[in-house]
Structure formats: C-alpha cells, structure tokens
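Me: I'd like to go through the side-chain contacts in this one. Can you take my questions as they come?

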Amino acid sequence: MTENPNSDVTIVVPCRNEERTLPEIYADLKRRGYTVLVPIAKSSIDGTKAVCEQLSIDHFVDSGGGKGVGLTESISHVKTQILVFFDADGSHSVEEIEPMVDKLRATGANLVIGSRIMGGSLELYDGSLESFLRTIFTFTINQIVNTRFGAHITDTQNGFRAARTASMRAITLTGKTFEIETEMIMKMLKKGMKIEEVPAREMPRKFGKSGVSIIKHGWRYIACILGNLL
Ligand SMILES: Nc1nc2c(ncn2[C@@H]2O[C@H](COP(=O)(O)OP(=O)(O)OP(=O)(O)O)[C@@H](O)[C@H]2O)c(=O)[nH]1
Ligand SMILES: [Mg+2]
C-alpha cells in the first residue's frame with residue numbers, strides 16, 4: 001500500500017457557528033487524506049459540535065475568548081509534524097493546501113503564508129468602509145513588520161498558513177482574537193525563523209457573518225504590535 005503523505009499534515013479548522021460549511025470542507029479534506037482537527041469556539045451556539053460528533057471529526061471546545069485561543073490550544077493537540085490553519089467559512093480553497101505544504105517542505109521554512117496579494121484577492125474590496133479599512137490595516141501592519149524585521153511579507157493577515165508543529169511549539173502565543181496571525185509572525189521572525197509565501201485566493205465567507213471588527217479588535221492589534229517590536 002502506498003503511504004499517504006497528506007496524513008502527516010493536520011488541517012486545523014477553527015469553527016464558530018460553522019455548521020453549514022464544515023461538512024463539505026471536512027469531506028474534501030478527508031478525500032485528500034489529511035488529518036483534521038476542529039477547535040470549536042466556546043461561544044459557538046449552532047450545531048457545529050453535533051456535526052463533529054455525527055461525522056466523527058476530531059474536535060475539542062476551546063476555553064473561550066476568541067479565535068487566537070482556539071488556534072493556540074490546537075497546537076498541543078496536533079500529532080503530526082506539519083499543521084495548516086484553514087478557516088471554516090469557505091474563504092479558502094482545499095486545492096491550495098498542497099502547494100503551501102510543498103513549499104514548506106521544499107524550502108525548509110518554518111511558516112508558509114497564503115498571500116492574497118500574490119493570489120490577487122486581498123480582502124475582496126467591496127466598496128464598504130470596513131473592507132477599505134481592513135485593506136489599509138493589512139498594508140500598514142505589513143509595513144511595520146517588514147521594516148522592523150527586514151522581512152518581505154506581502155500578507156501578514158491571512159489566517160490560511162502552514163507551519164512546522166515544532167516551530168509553533170517553540171513560540172508562546174498569548175493573543176486571544178484575530179491579532180494571533182500578527183503575533184505568530186512577529187514571534188517567529190524574532191526567533192530568526194524562516195517565513196515564505198505562496199499565492200492564495202480568498203473567497204467571501206459562504207454563510208453567517210464575520211467575527212472581525214476593526215473597531216472592536218483594533219486595540220488588540222496595536223497592543224500586539226507594540227508588545228512584539230522589541
Ligand atoms: N475555535 C474558534 N474559532 C473561531 C473563533 N472565532 C472565529 N473562529 C473561526 O475562525 C475563522 C475565522 O473567523 P472569521 O470571522 O471568518 O474571520 P475573518 O476570516 O478574518 O473574517 P472574514 O474575512 O469576514 O471572513 C472562522 O472559521 C471562524 O469560524 C473562536 O473564538 N474559536
Ligand atoms: Mg473568514
């Protein structure tokens with residue numbers, strides 16, 4: 001029997017009220033032989049947990065506070081050498097996982113980010129003030145991080161990214177919400193770890209609404225950046 005290389009890759013699919021999208025994503029990931037882990041938000045109130053139980057998806061309920069908590073707690077559950085963070089809202093393409101993991105293996109990088117700049121879909125600017133602010137926000141954070149660490153990252157904010165599990169365990173993440181992506185990058189660069197990117201597309205979430213708000217979470221980003229500059 002030929003060994004399946006994807007079984008050594010755990011796809012971490014954070015879920016907060018994602019009962020409608022999770023079954024299709026899970027089926028797609030299993031078809032390709034990936035190991036799957038679902039951290040469910042403590043605040044999730046739909047049938048996400050029931051879906052996991054019905055489909056025998058490996059899952060746990062996070063201790064609450066936000067996506068950052070779910071991702072950080074996942075790291076200790078992962079048993080494979082490589083993990084991929086993959087949102088459950090239909091924003092990412094399962095086909096884009098393989099080139100991302102290939103790049104991680106081929107370059108010896110510690111982290112490979114899916115860049116929506118390289119893939120041509122940053123923030124899906126839709127004319128709204130929120131999407132305009134998010135785009136400006138992403139470019140500003142890119143600039144700060146790249147200037148501080150001499151890096152050339154084009155998309156610091158995409159949650160779709162592959163990492164070596166050991167590298168994730170070598171940094172201590174404390175961010176509770178959506179600042180986790182920035183914190184991860186800054187802490188890895190500070191340790192001299194190698195970060196690469198591959199082109200990635202972002203699709204609009206299929207159902208429900210975004211949990212991110214610049215107004216609500218902006219201060220967390222600022223605190224995260226200031227706290228990791230030195
Ligand atoms: N485990 C866990 N997952 C969460 C939590 N909050 C959000 N998520 C999931 O994390 C992923 C990203 O959240 P979104 O609200 O889509 O954030 P976003 O992708 O930055 O925002 P959009 O661009 O509007 O989609 C989704 O799959 C959510 O279901 C949480 O507190 N815990
Ligand atoms: Mg999303």
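Me: Start with Glu-24: buried or exposed?
Reply: Glu-24 is exposed, at a relative accessible area of 53%. Buried means under 20% relative accessible area, exposed over 50%, and partly exposed in between (1.4 Å probe, protein chains only).

Me: What should I know about the model and the numbering?
Reply: The model is predicted, so local features need pLDDT of at least 70 and side-chain atom pairs count only at pLDDT 80 or more, while totals for chains, interfaces and linings use all residues. Residues are numbered from 1 along each chain as its sequence is written, chains are lettered from A and ligands numbered from 1 in the order in which they are written, and side-chain values use heavy atoms, with hydrogens and water left out.

Me: What does Glu-24 form a salt bridge with?
Reply: Its partner is Lys-206, with the closest N and O atoms 3.8 Å apart. The criterion is a side-chain nitrogen of Lys or Arg within 4 Å of a carboxyl oxygen of Asp or Glu. Glu-24 is in helix α1 (residues 22–31) and Lys-206 in the loop between β7 (195–199) and α9 (214–229), 182 residues apart. Helices (H or I, at least four residues) and strands (E, at least two) are DSSP runs, numbered from the N terminus.

Me: How many salt bridges in the whole structure?
Reply: The search finds 13. Among them is Arg-31 with Asp-28, where the closest N and O atoms are 3.0 Å apart.

Me: How far apart are those two in helix α1?
Reply: Three residues, so about one helical turn separates Arg-31 and Asp-28. Arg-31 is exposed at 63% relative accessibility, whereas Asp-28 is buried at 17%.

Me: And Glu-179, what is its partner in a salt bridge?
Reply: Arg-220, at 4.0 Å between the closest N and O atoms. Glu-179 sits in the loop between α7 (165–169) and α8 (180–190) and Arg-220 in helix α9, so the pair ties together parts 41 residues apart in sequence. Glu-179 is buried at 5%, and Arg-220 is partly exposed at 22%.

Me: Switching to rings. How many aromatic pairs?
Reply: Two. Phe-86 and Phe-160 are edge-to-face, 5.3 Å centre to centre with 85° between the planes. Rings of Phe, Tyr and Trp (its six-membered ring) pair if their centres lie within 6.5 Å; planes under 30 degrees apart count as stacked, over 60 as edge-to-face and the rest as tilted.

Me: Is Phe-160 buried or exposed?
Reply: Buried, at 0% relative accessibility. Phe-86 is buried too, at 1%.
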